[in-house]
Each structure stands twice: as C-alpha cells, then as structure tokens.
Amino acid sequence: MSSLIPASQSFVPVITGGDLGAYTLAREFHEAYQVKSAIVPTAENLVVGGSKITHLYPAGPMFEPEHVVQHLGSVAQQLRGDGSRPLLLMPGYDHLVRIVIDHAQKLRAMGYVFPELTAEQLDRASLKEEFYALCDDLDIKYPKTATMDCSQGVQSVDGFVNSLTETSLEYPLILKAGDGAAWANTRFPGRRKVHFLYEPQQLADVITHAINAGYRGSLIIQQFIPGPDSNLRILTHFRDRTGQNVLTGLAEVIVEDHAPGLEGNSRALVAVADETIEAQGARLMEALDWHGFGMFDIKIHETTGEAYFLEMNPRLGRHHYYLTVAGANPAEYLYRELIEETSHGQPIVTDGPAASLTIPLKLAQHYAAPHQQSQLDAARRAKRIGWPLQYPKDRSIKRDLYQRYGLTKAAN
C-alpha cells in the first residue's frame, strides 16, 4: 500500500496503532522532517495506509506482550538491518505504553528510543484509583467516585450496587474501567468505553457482564459532571528529561464522537488558554516526575465553573493536531528529546485562534457554542484550521475518496 522507507533516512518514527492519532503523528514528522514513518496497525486500513508518507507493518491483534515485542523486533530488523539508525517508538494506546515500559530493555536493545518511565509511574498516571489519589494530594478536583473490585466475582455485585445508596453518588452515573488496557481486551454485548447509567439495574448488568467476560480489574463509577461537550477540555504537556515542562497546549472540545468504543474522541477542537487548568496539569506532571507527553481529559462543571480532572492518558491524545495548528508540532519535541538530545528552548503555551477538525466546518459550526463559533471564525480568517487526515502532500485517489466518504458519513 505504500513505498518502502529509504535506507538513507537518518531515523524512523515507529508508530503503533492505525487510527487518527497514528496518521497525525506520521504527518507531523513529515511536515517537520520530510521523513516516512513506519506504522504498526493491527491490519491495513485507509486511515494510515494508501499513503506516501507511511509504510505499514500490520501486527494483528496487539494485546499479548510477547507477540507485540516479537513483532516490533521483526520491524526493527527490517528497518535497521546492519545499520544503527534510531527508531523513535510511539505507542498509540495505553496498553501498548505498558508493554513498552515492561519490556523497555529488550526494545532499546533492538534500536528503539522512547521516554524513560517506570511501571510505578504508569500506574500512578493511568490507573484511575491511583490518579485520583494523586489529585487528592494536590487538591485537584475530580468527580465523586466509587470503585468496584471485579476480582471479587459476580456474587459481590448486588452488595456493591446497593451500597452506593449510602454514599453521595446520585444517578446518572458514569462507569469506566480502572485499567484501560485490560478493558480494551474485554468483550461483551453492549460494552462501551464509557457507560452512562440511569438506574441501579443498568449498573449491576454492566458489572456482571464485565466479570463474566473475564475482566478482573477495577471499575470506576463516578458522578456525572453536568455540561455539554463544549465543557470538555484536552490538556497536553511535554516534560523533558531535565524535568522542565516545555510544552503546554489546552483545547476546548466542540463535539465528541458518541459511537460505542469511540466515546471521548473529539471530532472538533479549538485551541485556548487557561492558566489555572494549565498549572494544575503541570503540577500533576511534576508529581509524577513524568517524561514525555501526557494528556488530561477535563470537564468544566456547568453550574460552578470548576474544572474536574477525569483521567490522564500516558501519551499523546488521538486528536492532538490542534497543537501543530497552534504552532507547536509534537514531532519536533520528540525529535529534539530522543534523537538530537538537545534543548527545547523557552517553554511554549499554545493559544488560539486555531482549530482542528475531523468533520466538515459547517458541522463543527452547527455544534459549536456561541463563543466557539467566534473562535472558529477567527481561526478561519487566520487560516489556522487543520484537518489532520487531509494532508495536501499525501494525496491519492484512494485516500481522497476515503476522506470524502468519512466527512460525508460524519455529516449524515
């Protein structure tokens, strides 16, 4: 589906995943350094494939660590041969971040470079219970929460659901997995990334299905923070090897995808700035002693205006192109940090007007809150609206038709 990566290329971005985030990174590396990226999806597709800037190395399902590491070893052998060019590894999903951290020594011996993180740091960031404990320590707000330990079995479900009546949690409630990696490998009818529940029986049913499907991690049940999609925020930080927070980028969500399995994936964003929220994110990065990119999902309470931190993703978010449109290409931070090992210069905080869309502009304007419509108009006038999947330097009949189909489907 794509041409091979030239042997003359001094380094190779290796991006695991086959979605918007993977192609966006490949585009950003091409924009910054005119290089081709190796993409490791589960299977070929026209999000990352049919492209002049990628070469695909499909891996099949990527849940078993041994298989993932073995496949990355094969990719490394093909990309490096007897040479020594570095392979810049970027896992696209939380469970792949964990596999990379758990097998860091072996992967580095293959020629891969990536941020220095430990399993303990990852647990504090990505396991909801530990992340909320950290928020408590730093006096950062998060939704009222209860935790169900699924290792106790289905016999404990009714008791847990009934016990919620004694807490301050009131329906509707949000349910999500405490261990996103394990949840991604759990299958049962009606399973969603995020469940919105209106009454106790719905909650009991989801927990029972999850346990029967083999999920043994924790489930996080939270108070719903009221407000539309426009009250959601995405906050991205990059913290370098010296402990300096060198990039901060905040965005307002215009509209999210609400399809099963895609909840939480933003379809339209506008870049903004908020010193209070940005400082809270920076404190979390500092407390974790994080290295590399971290992304926080946040929601503003529609009544109080307070920011509630929902979770941290230990990587770049799927829809992060707003950073590049706003003047801070993530590829440049990864290259300076892991390939050149040079300074990033003065810390950057991005701001608008800038927008990133995976839907038609008219559709974004339809869903935008009034102040966001003004931001979209300003971004259009400034020519700072980006569509991450529509790269003028990577056009082909197949890709053009696929992108047109995708935009039409979204509009419908």
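Predicted model: local features only at pLDDT ≥ 70, side-chain atom pairs only at ≥ 80, totals over all residues.
Let me begin with an open sheet of five strands, whose order is S3-S2-S1-S4-S5 and whose pairing is parallel. Strand S3, residues 54-56, and strand S5, residues 112-113, stand at the edges with a single partner strand each, so one side of each is left without a neighbour in the sheet.

Now please turn to strand S13, which covers residues 292-300. Nine of its nine residues are buried, so the strand is largely enclosed by the rest of the structure. S13 pairs in the antiparallel sense with strand S10, residues 232-239, over eight bridges, and Met 295 in S13 is the bridge partner of Thr 236. S13 also pairs with strand S14, residues 307-313, again in the antiparallel sense, over six bridges, with Ala 307 in S14 as the bridge partner of Ile 300. S13 and S14 form a hairpin with six residues between the strands, and there Gly 305 takes a positive phi near 75°.

In one of them, Lys 128 is joined to Glu 311, with the closest N and O atoms 3.3 Å apart. This pair links distant parts of the chain, since Lys 128 lies in helix H6, residues 128-138, and Glu 311 in strand S14, 183 residues apart. Lys 128 counts as buried at 8% relative accessibility, and Glu 311 counts as buried at 15%.

Another salt bridge brings together the side chains of Glu 306 and Lys 141, at 3.8 Å from N to O. Here too distant parts of the chain are linked: Glu 306 sits in the loop between S13 and S14, Lys 141 in the loop between H6 and strand S6, and the two are 165 residues apart. Glu 306 is partly exposed, with a relative accessible area of 31%, and Lys 141 counts as partly exposed at 37%.

Within helix H14, residues 370-381, Asp 377 and Arg 380 are three residues apart, and therefore separated by about one helical turn; their side chains meet in a salt bridge at 3.8 Å, N to O. Asp 377 counts as partly exposed at 26% relative accessibility, as does Arg 380 at 45%.

Finally, there is a network of salt bridges that links Arg 239, Glu 286 and Asp 289.

Definitions and conventions:
Residues numbered from 1 in each chain as written. Heavy atoms only, no water. Pairing = 2+ DSSP bridges. Helix = DSSP H or I, 4+ residues; strand = E, 2+ residues; numbered from the N terminus. Buried < 20%, exposed > 50% of the residue type's maximum accessible area, 1.4 Å probe, protein only. Salt bridge = Lys/Arg side-chain N within 4 Å of Asp/Glu carboxyl O.
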